[in-house]
Every structure is written in structure tokens, then in C-alpha cells.
Amino acid sequence: MKKIDAIIKPFKLDDVREALGEIGVTGMTVTEVKGFGRQKGHTELYRGAEYMVDFLPKVKLEIVLAEEQVDLCVETILKIAQTGRIGDGKIFVTDVERVIRIRTSEEDEDAI
């Protein structure tokens with residue numbers, strides 16, 4: 001099993017969620033996050049004063065999948081979340097040793 005953490009722009013969330021549903025992704029955790037990478041934030045004007053916005057709003061998707069689903073999931077996120085502009089985000093794929101569904105005590109792929 002693998003875990004995909006995808007950091008994407010917030011306005012892409014609905015499109016990515018729909019596309020993942022179409023390829024059989026049945027669940028995910030979504031968190032509103034803030035951060036910066038190469039963008040290093042930006043300046044904004046408020047009541048005539050300019051100020052620096054260091055952390056930009058993003059959305060983090062956490063998805064645990066069987067290993068054979070990972071490549072299609074990553075390709076789908078790349079295709080749908082990409083705008084071609086700086087700040088599109090990142091995708092991290094890591095190993096998951098064990099998953100347990102609390103309600104039924106099912107484990108691993110049965111628990112997903």
C-alpha cells in the first residue's frame with residue numbers, strides 16, 4: 001500500500017476529487033494548509049499599505065491506495081491540478097505498513 005500526499009491549489013480541489021472518483025478512488029482526507037516553496041509568497045495591497053503574504057493557501061489531499069492504483073492516481077492529479085504556473089503544488093508518495101479500520105478491525109487493503 002502507498003500513501004499519496006498531494007498539495008494543490010484550492011480552486012482545483014473539486015475537479016481533482018471528481019476525476020479521482022471516476023478512476024475508482026473511494027476516499028481521501030482533505031486539509032486546508034498554508035505554505036510556500038519557490039513562490040516565496042507575494043505582496044498585497046490593503047488600505048493603501050503593501051504587506052507580504054508569506055504563506056499561501058493550499059489544499060492537502062491524503063489518499064491511501066493499493067500499490068497498483070498509485071500510478072493512475074498520480075497521473076490523474078498531475079493532469080487535473082496542473083495550471084502551468086508556479087505554485088501548482090507537489091505530490092509525495094510514501095509506503096504504508098499497516099492500515100486498520102477502527103469499526104470492523106479489518107486490516108490493510110480490506111480496511112481501505
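Colleague: How many bridges join S2 to S5?

Modeller: Helices (H or I, at least four residues) and strands (E, at least two) are DSSP runs, numbered from the N terminus. Two strands pair if DSSP finds at least two bridges between them. S2 and S5 run antiparallel. The bridges that join them number seven.

Colleague: What kind of model is this?

Modeller: Residues are numbered from 1 along each chain as its sequence is written, and side-chain values use heavy atoms, with hydrogens and water left out. Local features need pLDDT of at least 70, side-chain atom pairs count only at pLDDT 80 or more, and totals for chains, interfaces and linings use all residues; the model is predicted.

Colleague: Which residue in S5 stands opposite Lys34?

Modeller: Stay with the pair S2 and S5, which is antiparallel. Opposite Lys34 stands a residue of S5, Pro57.

Colleague: What pattern does the protein follow along the sequence?

Modeller: The protein has two helices and six strands. Read along the sequence, they give β-α-β-β-β-β-α-β.

Colleague: Which strands stand at the edges of the open sheet?

Modeller: Four strands form this sheet, in the order S2-S5-S1-S6, with antiparallel pairing. Each edge strand has a single partner, so one side of it is left without a neighbour in the sheet. The edge strands are S2 (29-35) and S6.

Colleague: How far are neighbouring strands of the sheet turned against each other on average?

Modeller: Axes are lines fitted to C-alpha atoms, for helices over the stretch in contact, and angles run from 0 to 180 degrees between N-to-C directions. For this average, direction is ignored. The value is 20°.

Colleague: At about what angle does H2 run to S1?

Modeller: Both helices lie across strands, with contact meaning heavy atoms within 4.5 Å. H1 lies across S1, S2 and S5, and runs at about 10° to S5. H2 lies across S1, S5 and S6. Its angle to S1 is about 5°.

Colleague: Is Lys9 buried or exposed?

Modeller: Lys9 sits in the loop between S1 and H1. Buried means under 20% relative accessible area, exposed over 50%, partly exposed in between (1.4 Å probe, protein chains only). The relative accessibility of Lys9 is 13%, so Lys9 counts as buried.

Colleague: How far apart in space are Lys9 and Val59?

Modeller: In sequence, the two are 50 residues apart. In space, C-alpha to C-alpha, the distance is 6.1 Å.

Colleague: With which side chain does the side chain of Asp88 make a polar contact?

Modeller: Asp88 lies in the loop between H2 and strand S6 (89-95), and is buried at 16% relative accessible area. Beyond four places in sequence, Asp88 touches Ile7, Ile8, Lys9, Ala81, Gln82 and Thr83. A polar contact is a pair of N or O atoms within 3.5 Å; within protein, one must be able to donate a hydrogen and the other to accept it, and residues adjacent in sequence count only if both atoms are side-chain atoms. At 2.4 Å, the partner side chain is that of Thr83.
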